[in-house]
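The following note sets out a series of numbered points on the model shown below. It is intended to be read alongside the sequence and the coordinates.

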Amino acid sequence: MPAARAKKRRSRAMGGKTEALVSVLLLLAGSFLIAVSFNMFLVPLGIASGGVSGISILVHYMTGIPPAYTQWALNVPLFFVGLWLLGKRFALKTALGSFVLPLLVLVTSDWKPLTDNAMLASIYGGIGVGAGLGLVFRGKASTGGLDLAAQLLHRFTGIRLGLAVACFDGLVIASAGILIAPENALYALIGLFATSRTIDFVQTGLAISKVAFIISDCPDAITQVVLHDLDRGLTKLDGHGGYTGSARTVLMVVVGRGEVSRLKSLVKAADPSAFVIISDTAEVLGEGFRLA
């Protein structure tokens, strides 16, 4: 028994080291992609789509100070405030990103822009930044910035985190419209939208599944065809009719997009009067789908 426990401890320690290494690699790859997209698309055309990076673009256009220095100047005090108020666990997840991202922005600052079209720059810059942030988030890390300020505002005022982030980004974009040009604010909104959608894509991927809720008077027959003909698992939920108050069984089935038609055909054959609700689900983890 002691030997088995020691083996489990070694296995957990090895798993923890591997996870930490993967997290660091994702942080570095994501930060590099953010820095390249920032310097090749956003900075040359003054597209300040929120965050510390957006503030650094504004400062660069007003004073000529390289964006990397502004990012360090803002990230470092925000990091120490977060360390003081949010604790060491927070610090470990943000320390490396707060330093590495501005460094990579500085290293790639001389890379030539790929386009002088503001629309293309906002779209591709937003996609690149979103892809980089998605990789960083998948590594359970952070690049610091105004996300830290948003967390502090959320913690001490009760404002929803999403709203706090939106407020800070909105202030940066509005400032771009005033200090650079109104059109820049519009392009920044496009870039911000592209960033948010790309983060979602990197986090969940293309493997969008479907979840079906089936209400039927023949739950056992549908259970059999789902388990044996469709070869999918299901979950039985207890429900009650809103009008009759009678107990009903609700079957929940998760399938791939290519299995929806077959599921509907099987349910219709088992019970033509079954009530079926099918909707998208962004991510499914577990047996038969993507592992966590």
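**Notes on the predicted model**

1. Ile199 is buried, at a relative accessible area of 16%; here buried means under 20% relative accessible area, exposed over 50%, and partly exposed in between, with a 1.4 Å probe and protein chains only. The residue belongs to helix 8 (residues 182-204). Helices (H or I, at least four residues) and strands (E, at least two) are DSSP runs, numbered from the N terminus. Apart from neighbours within four places in sequence, Ile199 is in contact with Gly130, Leu133, Gly134 and Phe137, where contact means heavy atoms within 4.5 Å. Between the C-alpha atoms of Ile199 and Val136, which are 63 residues apart along the chain, the separation is 9.8 Å.

2. On provenance, this is a predicted model in which local features need pLDDT of at least 70 and side-chain atom pairs count only at pLDDT 80 or more, while totals for chains, interfaces and linings use all residues. Residues are numbered from 1 along each chain as its sequence is written, and side-chain values use heavy atoms, with hydrogens and water left out.

3. The protein has 10 helices and 4 strands, and along the sequence these follow the pattern α-α-α-α-α-α-α-α-β-α-β-β-α-β. Of its 292 residues, 39% count as buried. Among contacts between residues at least 6 apart in sequence, 72% join residues at least 24 apart. The accessible surface is about 16600 Å², and 65% of that surface belongs to carbon and sulfur atoms; the areas come from the Shrake-Rupley method with a 1.4 Å probe, and for residues only the protein chains shown count as cover.

4. An unreviewed UniProt entry carries the annotation "transmembrane region" for residues 21-48, 68-87, 94-111, 117-137 and 158-180. UniProt positions are given in the numbering used here, feature names are shortened, and annotations may be inferred rather than shown by experiment. In the model, residues 21-48 are 79% helix and 0% strand, with 32 Å between the end C-alpha atoms. Residues 94-111 are 78% helix and 0% strand, and their end C-alpha atoms lie 26 Å apart.

5. The aromatic pairs deserve a separate remark. Rings of Phe, Tyr and Trp (its six-membered ring) pair if their centres lie within 6.5 Å; planes under 30 degrees apart count as stacked, over 60 as edge-to-face and the rest as tilted. By this rule the count is 4 aromatic pairs. Phe41 and Tyr124 form a stacked pair, at 6.3 Å centre to centre with 25° between the planes. Because Phe41 lies in helix 1 (residues 2-42) and Tyr124 in helix 5 (residues 118-138), the pair ties together parts that are 83 residues apart in sequence. Phe41 is buried, with a relative accessible area of 13%, whereas Tyr124 is partly exposed, at 47%. Ring pairs also link Tyr69, Trp72 and Phe99 into a cluster.

6. Strand 2 is joined to strand 3 (residues 247-256) by 6 bridges, and the two run antiparallel. Across this pairing, Leu237 stands opposite Val250 and His240 opposite Ala247. The two strands form a hairpin with 6 residues between them, and Gly245 in the turn has a positive phi of about 80°. Strand 1 and strand 3, also antiparallel, are joined by 7 bridges, with Ala212 opposite Val253 in strand 3.

7. In helix 9 the buried residues are Pro219, Ile222, Thr223, Val225 and Val226. These buried residues pack against strand 1, strand 2, strand 3 and helix 10. Just after helix 9, Asp231 adopts a positive phi of about 60°.

How values were computed: Two strands pair if DSSP finds at least two bridges between them.
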